[in-house]
Amino acid sequence: MIAQTKNNCLKDNEIHCGDARDLLKLIQAESVALSFWSPPYFVGKSYEKNLTFEDWKDLLSEVIDSHFSIIKPGGFLAINIADILAFPDPDMPRIQADNISNKKVKITREQVQEAQRNHPSFNRYQLADLLGCSEQTIDRRLKNNNVRGGKYAVQRKVKIVGGLIEEWAEEAGFYLYDRRVWVKDPCWENGQWHSLSYRSVDEFEYIYIFWKPGITSIDRGRLGKEEWSEWGSRSVWHIPSVRANIKHEAQFPLELPRRMIRIFSSPGDMVLDCFMGSGTTALAAMNEGRRYMGIELLPRYAELARKRCAGNHLPTA
Ligand SMILES: C[S@@+](CC[C@H](N)C(=O)[O-])C[C@H]1O[C@@H](n2cnc3c(N)ncnc32)[C@H](O)[C@@H]1O
């Protein structure tokens with residue numbers, strides 16, 4: 001059951017379980033000072049495995065659009081995302097023809113073809129004897145199926161999504177206000193990038209910050225002088241990522257929402273996270289004396305977030 005007020009709005013200081021697209025409609029108009037969240041990134045996590053790229057775009061554009069009415073005039077919507085996506089695309093031409101470094105037998109297709117030209121009558125067993133490899137190697141090289149993942153593997157398309165998010169936010173009525181870069185640990189173990197390719201290791205994410213037109217009061221007293229110079233006025237934040245944990249597969253570190261909340265809201269303000277996961281934004285809001293509201297699709301994560309909030313005597317991550 002969803003906890004609601006008398007006028008059917010979602011209650012604050014609660015984690016609500018359901019789809020953000022449905023529940024955002026139940027938030028009181030112009031009640032949220034800051035909405036900060038990290039959506040599914042479309043990278044194959046368990047909670048997004050049934051989404052197509054089109055579904056994913058529909059989800060994000062709809063959620064962004066629903067924010068306009070609930071954010072206070074002069075308030076902010078901030079989205080944390082690793083803005084380079086990689087996903088299988090059956091229409092994409094093949095990038096890798098021949099994975100040289102991964103070949104156990106360093107016989108190339110060209111060598112086999114040359115041996116064939118020199119010995120047109122040889123079958124593949126004779127070619128194998130000649131080149132000192134197995135008959136299967138000859139067969140694979142000639143059929144050109146020694147590509148990564150097998151010859152039927154679909155290529156991975158890489159796409160920047162920052163522009164899409166900016167477009168959806170502008171269509172909703174927001175203006176881009178700022179963006180920050182969160183430098184985390186290189187994801188050697190988890191990334192797709194450490195694999196056999198020339199691509200770099202994914203080691204930073206963006207926070208795109210959008211502003212809803214209205215009066216924004218500037219209070220430099222929200223942070224101390226050192227805080228402003230160390231991170232408040234800095235666009236690049238170095239914050240270690242949360243090491244893989246068994247409770248949530250994509251938790252962000254508490255320090256990330258803490259900084260966002262300290263800069264973009266005042267004590268007593270309402271902070272929303274509609275992709276709440278394990279409840280990190282709610283914890284940060286509580287610690288900073290803000291009200292919070294969380295929405296999470298999966299009951300097991302909503303329960304985890306509630307438990308973390310209930311036991312929040314000290315920050316846990
Ligand atoms: C990147 S994770 C957020 C992690 C969170 N920041 C934390 O520190 O734990 C995205 C979360 O959004 C949830 N989610 C996915 N689709 C959703 C939807 N349509 N509505 C609400 N939550 C959704 C997923 O279950 C997942 O927990």
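Visitor: Which strands does H8 lie across?

Guide: This is a predicted model. In it, H8 lies across strand S2 (32-37), strand S3 (71-81), S6, S7, S8 and strand S9 (270-273). The helix runs at about 155° to S2.

Visitor: How many helices and strands does the chain have?

Guide: The chain has 10 helices and 10 strands.

Visitor: In what order do the strands of the open sheet stand?

Guide: The open sheet has eight strands, and its order is S1-S10-S9-S2-S3-S7-S6-S8. The pairing is mixed. The strands at the edges are strand S1 (14-17) and strand S8 (236-238), each of which pairs on one side only. On average, neighbouring strands of the sheet are turned by 20° against each other, direction ignored.

Visitor: What should I keep in mind about side chains in a strand?

Guide: In a regular strand the side chains alternate between the two faces of the sheet. As for S2, is it mostly covered or mostly open? It is mostly covered, since six of the six residues of S2 are buried.

Visitor: In which sense does S2 pair with S3, and over how many bridges?

Guide: S2 and S3 pair in the parallel sense, over five bridges.

Visitor: Do strand S6 and strand S7 pair in the parallel or the antiparallel sense?

Guide: Strand S6 (residues 175-183) and strand S7 (residues 204-211) pair in the antiparallel sense, with eight bridges.

Visitor: What describes two packed helices?

Guide: Two packed helices are described by the angle between their axes and the distance between the axes. Take helix H8 (residues 255-264) and helix H9 (residues 280-287): their angle is about 50° and their axes are 8 Å apart. H8 is therefore oblique to H9. The crossing in which H8 passes H9 is right-handed.

Visitor: Which residues make the contact of H8 with H9?

Guide: From H8 come Pro257, Arg258 and Ile261, and from H9 come Thr280, Thr281, Ala284 and Ala285. Sorted by class, this contact of H8 with H9 has four nonpolar, two polar and one charged residues.

Visitor: At what angle do H3 and H5 cross?

Guide: Helix H3 (residues 109-118) and helix H5 (residues 135-143) cross at roughly 100°, and their axes come within 9 Å. H3 is therefore roughly perpendicular to H5. On the H3 side, Arg109, Val112, Gln113 and Gln116 take part, and they meet Ile138, Arg141, Leu142 and Lys143 in H5. By class, the contact of H3 with H5 has three nonpolar, two polar and three charged residues.

Visitor: What is phi in Glu30, and where is the residue found?

Guide: Phi of Glu30 is near 50°, again a positive value in a residue other than glycine. Glu30 is found in the loop between helix H1 (20-23) and S2. The relative accessibility of Glu30 is 44%, so this residue counts as partly exposed.

Visitor: How far apart are Arg300 and Ser278 in sequence and in space?

Guide: Arg300 and Ser278 are 22 residues apart in sequence, and from C-alpha to C-alpha they are 9.1 Å apart in space. Arg300 lies in helix H10 (residues 299-310). With neighbours within four places in sequence left aside, Arg300 is in contact with Ser46 and Glu249.

Visitor: What share of the contacts in the chain with a separation of 6 or more is between residues 24 or more positions apart?

Guide: Residues 24 or more positions apart account for 74% of those contacts.

Visitor: What part of the chain counts as buried?

Guide: Of its 317 residues, 45% count as buried.

Note on methods
Residues numbered from 1 in each chain as written. Predicted model: local features only at pLDDT ≥ 70, side-chain atom pairs only at ≥ 80, totals over all residues. Heavy atoms only, no water. Axes fitted to C-alpha atoms, helices over the stretch in contact; angles between N-to-C directions. Helix = DSSP H or I, 4+ residues; strand = E, 2+ residues; numbered from the N terminus. Parallel < 35°, antiparallel > 145°, perpendicular 65-115°, else oblique. Left-handed = near helix turned anticlockwise from the far one by under 90°. Contact = heavy atoms within 4.5 Å. Nonpolar A, V, L, I, M, F, W, Y, C, P; charged D, E, K, R; others polar. Pairing = 2+ DSSP bridges. Buried < 20%, exposed > 50% of the residue type's maximum accessible area, 1.4 Å probe, protein only.
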